[in-house]
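Okay, thanks for coming, everyone.

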Amino acid sequence: MLPKINPLKTKSHAKLKAHAKEMKKIHLRDLFEQSGRFGKFSLTWNDFLFDYSKNIIDQKTLSLLLDFTKEMKLGKAIDSMFSGELINETEKRAVLHTALRKLSPESETDKDFYIGGENVSHLVREVQEKIKTFCGRFHSGSMTGYTGKKFTDIVNIGIGGSDLGPVMVTEALRQDWKEGIHVHFVSNIDPSHIHTILKKINFETTLFLIASKTFTTQETMANANTAKKAFLDSGAQEKDTALHFAALSTNIPKVTEFGITPENTFTFWDWVGGRFSLWSAIGLSIALTIGYDKFLELLRGAREADLHFRHTAPEKNIPVLMAVIGFWYTAFWGSQTEAILPYDQYLHRFPAYLQQGIMESNGKSVDRMGKKVQYPTSPVIWGEPGTNGQHAFYQAIHQGTHFIPSDFIASVHSRNNKHNQHQILLSNCFAQTEALMKGKTKKEVMEELSSKGMSKKEMENLAPYKVFPGNRPSNTFLIKEINPRNLGSLIAFYEHKIFTQGVLWNIFSFDQFGVELGKVLANVILPEIEDKNTKVEHDSSTSGLIRQYHEWK
């Protein structure tokens with residue numbers, strides 16, 4: 001079980017609170033006047049450079065934060081997760097998405113994962129072999145549609161973790177797509193989403209993947225039934241469903257009722273949370289799009305990050321450092337938000353993916369003792385790729401009233417470097433981190449305006465608007481290349497950051513009861529939407545919206 005410790009009652013927390021008052025008197029510019037700062041506050045690991053030097057921390061800050069992780073018994077919590085203990089206590093489940101990344105059989109140095117004495121690594125490898133065989137048939141052309149044509153399109157129908165992970169990874173690895181393969185994702189129950197996709201495809205050469213653990217998820221099954229009806233309306237027969245539909249689910253009776261065979265059904269387990277499921281059968285769309293071998297590289301990269309997280313000392317541990325720095329700002333600097341800023345167009349869905357990963361995990365207000373927390377937990381996560389964001393919301397990061405720590409992500413090598421554009425991209429990335437750190441003083445602004453021949457009065461009037469306070473913190477991940485292995489590591493780093501912060505906040509990160517209430521009420525309201533004579537008592541606003549719908553309908 002996870003330790004249950006109120007962070008406010010630790011000695012380290014009190015020391016950090018006092019230390020934060022001192023650090024708020026110091027500007028990042030001052031910290032960078034000390035020699036060797038970059039060397040002390042950056043790490044290289046495999047193809048990664050993690051630069052955390054542009055944070056409002058010094059060696060004392062880091063020491064106190066790491067002391068805090070010891071008081072919160074982070075090491076014990078890590079061992080509990082990797083050991084298969086039921087750390088998701090509210091749902092009485094283990095949390096072992098890390099088991100999905102272990103590829104080799106058990107050895108003395110790299111043991112398999114067990115839950116209650118059962119070797120779950122063995123179960124994982126069975127499903128992986130099934131995915132491998134399926135991908136081989138799909139890519140070789142030995143698997144065909146009902147008219148004998150080779151498949152060219154994949155439509156993944158899911159929502160939440162059954163959509164966000166696969167769509168993020170396939171977009172990030174567009175350069176690795178198999179030739180002649182096109183993948184599409186449907187998640188929104190808004191009919192416009194699925195009908196836009198259905199207009200693009202040829203049903204004779206399309207494979208549909210229905211991703212729902214229970215095979216009862218309202219949005220997913222509504223879209224699945226729409227897809228099946230459109231498939232049958234295109235000229236296919238009911239029996240042809242078995243050739244064109246596959247299921248990522250554990251509900252075999254429901255899957256069979258839909259018309260999908262057990263051979264085309266891929267299972268996963270209740271110890272795999274939806275937002276951590278892209279490594280499982282939910283990643284079938286990834287494997288079909290980039291090929292099984294590259295899917296394994298994605299898993300290997302994540303596994304390397306797992307081993308780094310579990311076995312590396314905290315002061316050299318990238319996810320731990322990510323977590324404690326984020327905690328520092330949330331707990332002591334009033335930070336309510338974090339920006340994820342990838343300087344890579346292929347990573348354009350990464351911020352949205354992390355929104356679910358971080359906010360669904362740690363957006364909690366009750367601690368592990370069942371008491372209301374007296375401190376902030378998950379920040380609001382958002383972001384867009386650079387340089388688009390620079391022409392949109394960077395104004396608020398630089399000169400706004402909110403304190404917004406940011407993560408910058410960039411790669412050294414681009415497979416599309418035409419006419420020096422990638423160098424321009426990187427120059428913007430590095431410049432933004434420097435500008436956020438340094439800012440621009442009034443003296444610097446006045447000198448700049450003076451060089452343009454302005455009068456003193458004009459300069460005094462304009463200067464306040466052109467001053468940048470700086471002291472805006474950021475981390476930077478510089479990666480040699482965004483390839484399957486490195487992407488796997490990057491995702492896993494953020495997963496372990498999420499887990500670590502959950503430990504530091506003394507909350508359960510792996511349930512998500514907050515998504516349920518709206519769904520329950522939607523099922524109450526749906527009959528009223530369908531039939532205006534159905535009456536259920538609501539508040540005046542909700543009742544008014546339903547009445548207006550029927551008037552305009």
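So, let's start with a sheet. Five strands make an open sheet in the order S6-S5-S7-S8-S9, and the pairing is parallel. At its edges are strand S6 (182-186) and strand S9 (265-266), each with a single partner strand, so one side of each has no neighbour in the sheet. When I say strands pair, I mean that DSSP finds at least two bridges between them. And the helix and strand labels are DSSP runs numbered from the N terminus: H or I with at least four residues for helices, E with at least two for strands.

Quick housekeeping before I go on. This is a predicted model, where local features need pLDDT of at least 70 and side-chain atom pairs count only at pLDDT 80 or more, while totals for chains, interfaces and linings use all residues. Residues are numbered from 1 along each chain as its sequence is written, and side-chain values use heavy atoms, with hydrogens and water left out.

Back to the sheet. Strand S7 (residues 206-211) and strand S8 (residues 245-248) run parallel, joined by four bridges, and in that pair Ala211 sits opposite Leu248 of S8. Helix H8 (residues 191-198) packs on this sheet, touching strand S5 (153-157), S6 and S7, and its direction makes about 165° with that of S6. Contact here means heavy atoms within 4.5 Å. Angles run from 0 to 180 degrees between N-to-C directions, and axes are lines fitted to C-alpha atoms, for helices over the stretch in contact. Helix H9 (residues 218-233) lies across S5, S6, S7 and S8, at about 160° to S7. Between S7 and H9 there's a loop that holds Phe215, and the phi of Phe215 is near 60°, positive in a residue other than glycine.

How do H8 and H9 sit against each other? The angle is about 35° and the axes are 10 Å apart. On the H8 side the contact uses Ile194, His195 and Leu198, and on the H9 side Asn223, Thr226, Ala227 and Ala230. By class, that's four nonpolar, three polar and no charged residues. For the classes, Ala, Val, Leu, Ile, Met, Phe, Trp, Tyr, Cys and Pro are nonpolar, Asp, Glu, Lys and Arg are charged, and the others, Gly among them, are polar.

Next, the other sheet I want to show. Six strands form an open sheet, order S1-S2-S13-S12-S10-S11, with mixed pairing. Its edge strands are strand S1 (42-45) and strand S11 (380-382), each pairing on one side only. On average, neighbouring strands here are turned by 15° against each other, ignoring direction.

Going along it, S1 runs antiparallel to strand S2 (residues 48-51), with four bridges between them, and Ser42 has Asp51 of S2 as its bridge partner. S1 and S2 form a hairpin with two residues between them, and Asn46 in the turn has a positive phi of about 50°. S2 then pairs with S13 in the antiparallel sense over four bridges, where Phe50 is the bridge partner of Phe477 in S13. Strand S12 (residues 406-413) and strand S13 (residues 474-481) pair in the parallel sense over seven bridges.

Thr387 is in the loop between S11 and helix H16 (394-399).

The axes of helix H5 (residues 74-82) and helix H20 (residues 484-504) come within 10 Å and cross at roughly 125°. That makes H5 oblique to H20; the scheme is under 35 degrees roughly parallel, over 145 roughly antiparallel, 65 to 115 roughly perpendicular, and the rest oblique. This crossing is right-handed. Leu74, Ala77, Ile78, Met81 and Phe82 of H5 meet His496, Phe499, Thr500 and Val503 of H20. By class, that contact has seven nonpolar, two polar and no charged residues.

Last, the whole chain. There are 22 helices and 13 strands. The radius of gyration is 26 Å, close to the 24 Å that the globule rule gives for 553 residues, so the chain is as compact as a globular protein of that length. That radius is taken over C-alpha atoms, and the rule is 2.2 Å times the number of residues to the power 0.38. Along its principal axes the C-alpha trace spans about 80 × 60 × 60 Å.

Technical notes: Left-handed = near helix turned anticlockwise from the far one by under 90°.
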